[in-house]
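Here are my notes on this model, written as a few numbered points. Have a look at it first, then read on.

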Amino acid sequence: GFLFADSICAQQEFAESFRGEIKALFSDAKLVRIPTTHPLMTTEFRGFDIANVTLRDPQARGGNDPLLARQVQTAPLLEGVEIDGRWAVIFSPYDLSCALENHASLDCKGYLKADAAKIAVNVLLYALQQ
């Protein structure tokens, strides 16, 4: 099987809970960062080169300050559990879902819509070809 998950709006509580459940399911394995050099980050599976994506990073603010978010160019942060030489679980601790639903809230830490779509396409193409 294959499991692909993300932490909507980068909710830390969900990410911690998800990691705990994965640890309970796979006692001998743990979520590790997928290297940015892995083929699923490239066009190898007929997807996109996602070595450089845009992450929306909400900024702390005071009570009456306007909501602001920085946009940071970075490699995607994907974690996974590798079983028998393939990624069986892929997890994004940053939001993909809201972006894919065209929700662009400044208070949601995650990838921009176009980059979220590219990440999702690459993960799905990778999973289908395993």
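1. Strand pairing first: two strands pair if DSSP finds at least two bridges between them. Helices (H or I, at least four residues) and strands (E, at least two) are DSSP runs, numbered from the N terminus. By that rule β1 and β6 are parallel partners, with four bridges, and A5 has F91 of β6 as its bridge partner.

2. Some housekeeping. This is a predicted model, where local features need pLDDT of at least 70 and side-chain atom pairs count only at pLDDT 80 or more, while totals for chains, interfaces and linings use all residues. Residues are numbered from 1 along each chain as its sequence is written, and side-chain values use heavy atoms, with hydrogens and water left out.

3. The sheet is open and has four strands, ordered β1-β6-β5-β2 with mixed pairing. β1 and β2 (32-33) sit at the edges, each pairing on one side only.

4. Now the helices. α1 lies across β1, β5 (79-83) and β6, at about 160° to β6. α3 also packs on the sheet, touching β1 and β6, and its direction makes about 160° with that of β6. Axes are lines fitted to C-alpha atoms (for helices, over the stretch in contact), with angles from 0 to 180 degrees between N-to-C directions.

5. Which residues have the most contacts inside the largest nonpolar core? They are I34, L40, L78, I90, Y111 and I119, in a core of 20 residues. Such a core is a set of buried Ala, Val, Leu, Ile, Met, Phe, Trp, Tyr and Cys residues joined through side-chain atoms within 4.5 Å; buried means under 20% relative accessible area, exposed over 50%, partly exposed in between (1.4 Å probe, protein chains only). α3 gives the most to this core, with four residues. A second, separate core of eight residues includes A5, F18, I22 and F91.

6. I90 deserves a click. Leaving aside neighbours within four places in sequence, its contacts (heavy atoms within 4.5 Å) include F2, F4, L40, V123 and Y126.

7. Finally, the cysteines. A disulfide (a pair of cysteine sulfur atoms within 2.5 Å) joins C9 to C108, with S to S at 2.4 Å. The S-S torsion is about -110°, so this disulfide is left-handed. C9 is partly exposed at 22% relative accessible area, whereas C108 is buried at 0%.
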